[in-house]
Amino acid sequence: MERYYQPEIETASREQITAWQSERLVRQVRHVWDNVPYYRKKMEEKGVTPEDIKGVEDLRKLPFVSKADLREAYPYGLVAEPLKNCVRIQSTSGTTGKRVVAFYTQHDVDLWEDCCARALVAAGATDEDVCQVSYGYGLFTGGPGLNGGSHKVGCLTIPTSSGNTERQIMFIRDLNATILCCTPSYAAYLGETMKEMGLTPGQIPLKAGIFGAEAWSEEMRRDIEKTLGIKAFDIYGLTELSGPGVAFECSAQNGMHINEDHFIAEIIDPETGEVLPDGQQGELVFTSITKQAFPLLRYRTRDVCVLSHEKCSCGRTHVKMAKPRGRTDDMLIIRGVNVFPSQIETVLLNLGYGANYQIIVDRVNHTDTLDVQVEMTSEMFTDNMGEIAKRQKQIVDGLRSMLGLAAKVTLVAPKSIVRSEGKAVRVIDNRKI
Ligand code: DLL
C-alpha cells in the first residue's frame with residue numbers, strides 16, 4: 001500500500017477540489033484587491049471587481065500577470081502582507097533581466113514545504129530514508145524547498161548544496177543516501193563520474209531521484225535511471241509561485257500532479273490569451289490561491305505544456321501536466337521553424353549520445369544557421385574520420401526528420417563540453433536581430 005502524505009487532499013473528488021479552489025480564489029482576489037494597489041489598478045482597467053469573482057468559473061475575467069509586471073512592480077509592488085509578517089525572500093538568477101524577488105510568510109514557507117514533502121513521498125521517501133539535497137541553497141529555491149520537504153517527511157537530510165562532485169559522491173556512499181535531489185543535468189554528471197570511478201548501479205545506495213528546474217527528456221530519464229540504478233522523478237516549480245513542488249511526478253512517471261489545493265492551472269494560447277482545453281499544447285498559467293505574501297493571479301509562466309485530467313494509476317486526482325516542452329522564450333525560431341532544445345536532445349539520446357551538447361544559432365548572410373556540437377561518449381570515441389563523418393551524418397538526418405531543418409553537426413571529444421552543477425546552459429544564440 002502506497003503511503004500518501006495527505007491522501008484526504010491528494011485523492012479528493014473533482015467536486016471537492018473545485019469547491020476548495022472557488023472558496024480560496026474568492027478570498028485571494030479580495031486579499032490582493034485590498035492590499036496590492038498594483039492589482040487593484042490592473043483589475044479596474046479590465047473592469048473587474050472582487051464581487052465579479054464568485055468561483056473558479058470566473059477566473060477568466062481576471063487580467064493576466066506577466067514577468068513584465070513583476071519587473072515593473074519590483075521589489076515590493078506585489079507584496080500583499082506588511083513586511084513585518086514576511087520571514088523570507090527567494091529570488092531567481094535573473095538571467096533574462098531583473099531578478100524576481102518573491103516574499104514568504106511563515107505560513108507560505110510551511111505550505112511550500114508541504115508541497116515538496118508530497119513530492120518526496122510520491123517518489124517513495126519515508127522517515128527511513130537518507131535524502132541528499134544537491135540543488136543550490138541560498139536565493140535559488142531548489143535547496144531550501146527540498147530541504148524543508150525532506151525534514152517534513154522525516155528523512156535524514158544531507159544539505160550538500162550543488163558543486164564539489166567528489167564530496168557529493170563521498171556522502172552518497174558513506175552515508176548511504178537513498179534519495180538524491182538535484183537538476184537532471186547534474187544527476188547525469190554525477191552518474192557519469194561514478195561510472196568512471198568504476199561504480200556499478202548495484203554499488204550505489206540511491207533508490208530514487210527528484211530532478212527538476214530545467215527541461216529534460218524521457219531519453220535522459222532512462223539514461224540516468226540506468227547509470228544510477230534508481231527511479232527518476234520529475235518535479236516542477238518556479239520562484240514566483242514558491243519554488244519546487246508546484247507539481248511532481250508519482251509512481252506512474254508520466255506527468256506531474258499539480259497541487260491543486262494551492263494552485264489553479266490553465267493552458268492558454270500564448271498569442272490570443274484564449275484558454276485551451278485538456279490535451280492542447282499552450283502556455284501554462286497559474287493562480288496561487290493560498291499564498292499570503294506574494295499571491296499571483298493568472299501568472300503567465302511562459303512554459304509550454306499540456307494538461308490532462310485522466311485518471312492516474314497512483315490514485316491521486318489532481319490534474320497532471322506533461323513535462324514542459326521548453327519555454328516560449330527559449331523556443332528558437334530558426335529559418336521560421338519553431339525548435340525546442342528538448343527536441344534536439346531527444347534525437348541525440350535516441351542515437352546513444354549523452355545529454356552533453358551545445359546548440360549554437362547564428363545568422364550568416366541573412367540566413368539562420370544551426371550548429372550542434374555533440375560529445376562522443378568514451379565508448380564511441382575514435383579518431384577514424386570516416387567513422388566520425390558517418391556518425392555526424394546520422395545525427396544530421398535525425399535532426400532533419402525531427403525538425404525539418406538542415407543542421408551542421410560536429411562531434412567533439414568526451415568531456416570537452418563544460419558540465420553544469422545547476423541548470424545547464426545549452427543554447428548560444430549569436431544572432432543580432
Ligand atoms: O527552477 C524551481 C525548482 C527548483 C523546480 C528545483 C524544480 C526543482 P526558477 O529558477 O524560478 O525555479 O525557474 C523556473 O524553470 O518556469 C521552467 O521554465 C523551469 N522548470 C522548473 N522545473 C522544471 C521541470 C525553479 N521539471 C523555471 N521541467 C520554470 C522543465 C522546469 N522545466
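Contact means that heavy atoms lie within 4.5 Å of each other. The structure is a predicted model, in which local features need pLDDT of at least 70 and side-chain atom pairs count only at pLDDT 80 or more, while totals for chains, interfaces and linings use all residues. Residues are numbered from 1 along each chain as its sequence is written, and side-chain values use heavy atoms, with hydrogens and water left out.

**Exercise 1. Describe the surroundings of Gln90.**

Step 1. Gln90 belongs to strand β1, residues 86-91. Helices (H or I, at least four residues) and strands (E, at least two) are DSSP runs, numbered from the N terminus.

Step 2. State its exposure. Gln90 has a relative accessible area of 1%. Buried means under 20% relative accessible area, exposed over 50%, and partly exposed in between, with a 1.4 Å probe and protein chains only. Gln90 is therefore buried.

Step 3. List its contacts. Leaving out residues up to four places away in sequence, Gln90 touches Val100, Val101, Ala102, Tyr104, Trp112, Gly138, Leu139, Phe140, Thr141, Pro144 and Thr239.

Step 4. Find its polar contacts. A polar contact is a pair of N or O atoms within 3.5 Å; within protein, one must be able to donate a hydrogen and the other to accept it, and residues adjacent in sequence count only if both atoms are side-chain atoms. A polar side-chain atom of Gln90 is 2.9 Å from the backbone oxygen of Gly138. The side chain of Gln90 also reaches the backbone oxygen of Phe140, at 3.5 Å.

**Exercise 2. Describe the shell around the ligand.**

Step 1. Find the residues that come nearest. A residue is near a molecule or strand if one of its heavy atoms lies within 4 Å of it. There are 21 residues around the ligand, and Asp234, Ile235, Thr239, Asp303 and Lys423 come nearest.

Step 2. Sort the shell by class. It has nine nonpolar, six polar and six charged residues. Here Ala, Val, Leu, Ile, Met, Phe, Trp, Tyr, Cys and Pro count as nonpolar, Asp, Glu, Lys and Arg as charged, and the others, Gly among them, as polar.

Step 3. Find the main contributor. Strand β7, residues 231-238, gives the most to the shell, with five residues.

Step 4. Read the polar distances. A ligand nitrogen atom lies 2.8 Å from an N or O atom in the side chain of Asp234. A nitrogen atom of the ligand is 3.2 Å from a polar backbone atom of Glu214. An oxygen atom of the ligand is 2.5 Å from a polar side-chain atom of Thr239.

Step 5. State the cover. The ligand taken alone exposes 610 Å², and the protein buries 93% of that. Accessible areas come from the Shrake-Rupley method with a 1.4 Å probe; for residues, only the protein chains shown count as cover.

**Exercise 3. Which residues touch the most other members of the largest nonpolar core?**

Step 1. Define the set. A nonpolar core is a set of buried Ala, Val, Leu, Ile, Met, Phe, Trp, Tyr and Cys residues joined through side-chain atoms within 4.5 Å.

Step 2. Name the residues. The largest core has 71 residues, of which Leu120, Cys181, Tyr236, Ile258, Leu284, Phe286 and Met321 touch the most other members. Helix α5, residues 106-122, gives the most to this core, with nine residues. Another core lies apart from it, with 48 residues, among them Cys182, Ile204, Leu370 and Leu403.

Step 3. Look at one member. Beyond four places in sequence, the contacts of Tyr236 include Leu284, Phe286 and Met321.

**Exercise 4. Why is helix α10 described as largely enclosed?**

Step 1. Count. Nine of the 10 residues of α10, residues 341-350, are buried, so the helix is largely enclosed by the rest of the structure.

Step 2. Name them. The buried residues are Pro341, Ser342, Gln343, Ile344, Glu345, Thr346, Val347, Leu348 and Leu349.

Step 3. Name the cover. It includes α9 (218-228), β17 (337-339), β18 (357-364), β19 (367-375), α11 (385-403) and β21 (427-429).

Step 4. Turn to α9. Its buried residues are Glu219, Met220, Arg221, Ile224, Glu225 and Leu228. They pack against elements including β5 (179-182), β7 and α10.

Step 5. Check what follows each helix.
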